[in-house]
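I opened the model to look up the overall fold and the charged contacts. My entries follow in the order in which I made them.

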There are 2 protein chains.
Amino acid sequence: MSDDAHRPAVVDLLGALAYGELMAFSELAKDAEMAPTHTDKAAVARLAVAEFQHYEVITARLRELGEDPGAAVAPFVESFDAFHARTRPSTFLEGLVKAYVGDGIAQDFYREISRYVDADTRSLVEAAMSDVGGAEFVVSRVRAAQREDPRLTGRLALWGRRLVGEALTQAQRVAVERDSLTLILVGGAGGPSADLAEIGRMFARITDEHTHRMQRLGLSA
Amino acid sequence: MSDDAHRPAVVDLLGALAYGELMAFSELAKDAEMAPTHTDKAAVARLAVAEFQHYEVITARLRELGEDPGAAVAPFVESFDAFHARTRPSTFLEGLVKAYVGDGIAQDFYREISRYVDADTRSLVEAAMSDVGGAEFVVSRVRAAQREDPRLTGRLALWGRRLVGEALTQAQRVAVERDSLTLILVGGAGGPSADLAEIGRMFARITDEHTHRMQRLGLSA
């Protein structure tokens, strides 16, 4: 962590990750209130708690590095808040799809980017991004709902596309305003870096994974 | 747990406790969103998570007894929801006072009632009711806010009285509709029981404790 450019990039990575997890906690806690059954409510609350536990791990690492978590998350508050304000789920199922699709893209993105940071940060990011059984719950819930009401398929597919669109808008905004994360990729942050072709492949991988996730939900991407 | 009257009483006790914890999780998660700083937000989210962990312990015990948590909480949903709908905090501080005062009364009540149930249930209730450092955080936060704005003292004291009033209204409703919890106290549920004088002393203890809690917050009860 001695490199002058590497450290702020890692702090930004952890800050973005931490705020994302804290917001995911809040959003899932709200989704739990829309749950049609007690079992669903508890299951979604459990997912919210898992996100908060990731938040705790990431902020503990920030503190270990001598960084204030509040300062580290600050650059990302506006864009994450904007994303959530523009993608407020109006039904329990929209909330589940958002959690699954949003978490999935975030996981892929952070895993890709963590290939270019130090080993300690990388293993922390991997751990924080581990799935806690939520994916299976969401897939079975969303598929069952479509069997009961086939009209949901088109509506939820549209919702999935809207989520990706908004996520890309905000990601671009972060990339423009905050070049440290971009520098990780293009080699300005010290350590290994990706060339342009590799960045292209990275986005292709993330897009592919998103398509697979939508398919697992029984939806077209 | 062989006694025919004792078992439904214990299931009701655990059901009420479980739903109370799940609602506390939801409410605190919402309060976290009103937090003025990132540190406050994380601190309140942490309290929410602790409540959910209590919920998990209690529902695990219900399952161990062969009971469905959804069925066990059902009799209490309406009154708990009504309490929360009528005591929606409009500021971060009102949320903190509600969590502290509400949790405090609930803790006292469940501890009192658990003296009359089997030892396993009793130690579970004790563990689920353990404070997780939230009290200290709330007290220091509410006191600091009053130092900054002394007008808060009167307003928050009024809010505390409203909370107790609504809690008593809903508790009475549960007692009328669901006599199993009352039976625990008056000896209709097998095991040791309280006489009328002891029930009077119990309510006196709960009221005293509430007054002390308000004093700790710098508020009159």
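I checked the radius of gyration of chain A in this predicted model. A compact globule of 221 residues would come to near 17 Å, and chain A has 17 Å, so the two agree. I then took the box around the C-alpha atoms of chain A, which is roughly 55 × 35 × 25 Å along the principal axes.

I looked up the secondary structure next. Chain A has 9 helices and 0 strands. I noted that 52% of the 221 residues of chain A count as buried. For contacts in chain A with a separation of 6 or more, I found that 80% are between residues 24 or more positions apart.

I turned to charge. Chain A carries 25 positive and 33 negative side chains, with the centres of the two sets 7 Å apart.

I picked out the pair Lys30(A) and Glu33(B), a salt bridge of 3.2 Å from N to O. Lys30(A) sits in helix H1 of chain A and Glu33(B) in helix H1 of chain B, so this pair joins two chains. Lys30(A) is partly exposed at 25% relative accessibility, and Glu33(B) is partly exposed at 32%. Both belong to a salt-bridge network that also includes Glu27(A), Arg88(A) and Lys98(A).

In chain B I looked at Glu64(B) and Arg61(B), whose closest N and O atoms are 2.8 Å apart in a salt bridge. The two are 3 residues apart in helix H2 of chain B, about one helical turn. Glu64(B) is exposed at 61%, whereas Arg61(B) is buried at 10%.

Definitions and conventions: Residues numbered from 1 in each chain as written. Chains lettered and ligands numbered in written order. Predicted model: local features only at pLDDT ≥ 70, side-chain atom pairs only at ≥ 80, totals over all residues. Heavy atoms only, no water. Helix = DSSP H or I, 4+ residues; strand = E, 2+ residues; numbered from the N terminus. Rg over C-alpha atoms; globule rule 2.2 N^0.38 Å. Buried < 20%, exposed > 50% of the residue type's maximum accessible area, 1.4 Å probe, protein only. Contact = heavy atoms within 4.5 Å. Lys, Arg positive; Asp, Glu negative; His and termini not counted. Charge placed at Lys NZ, Arg CZ, Asp CG, Glu CD. Salt bridge = Lys/Arg side-chain N within 4 Å of Asp/Glu carboxyl O.
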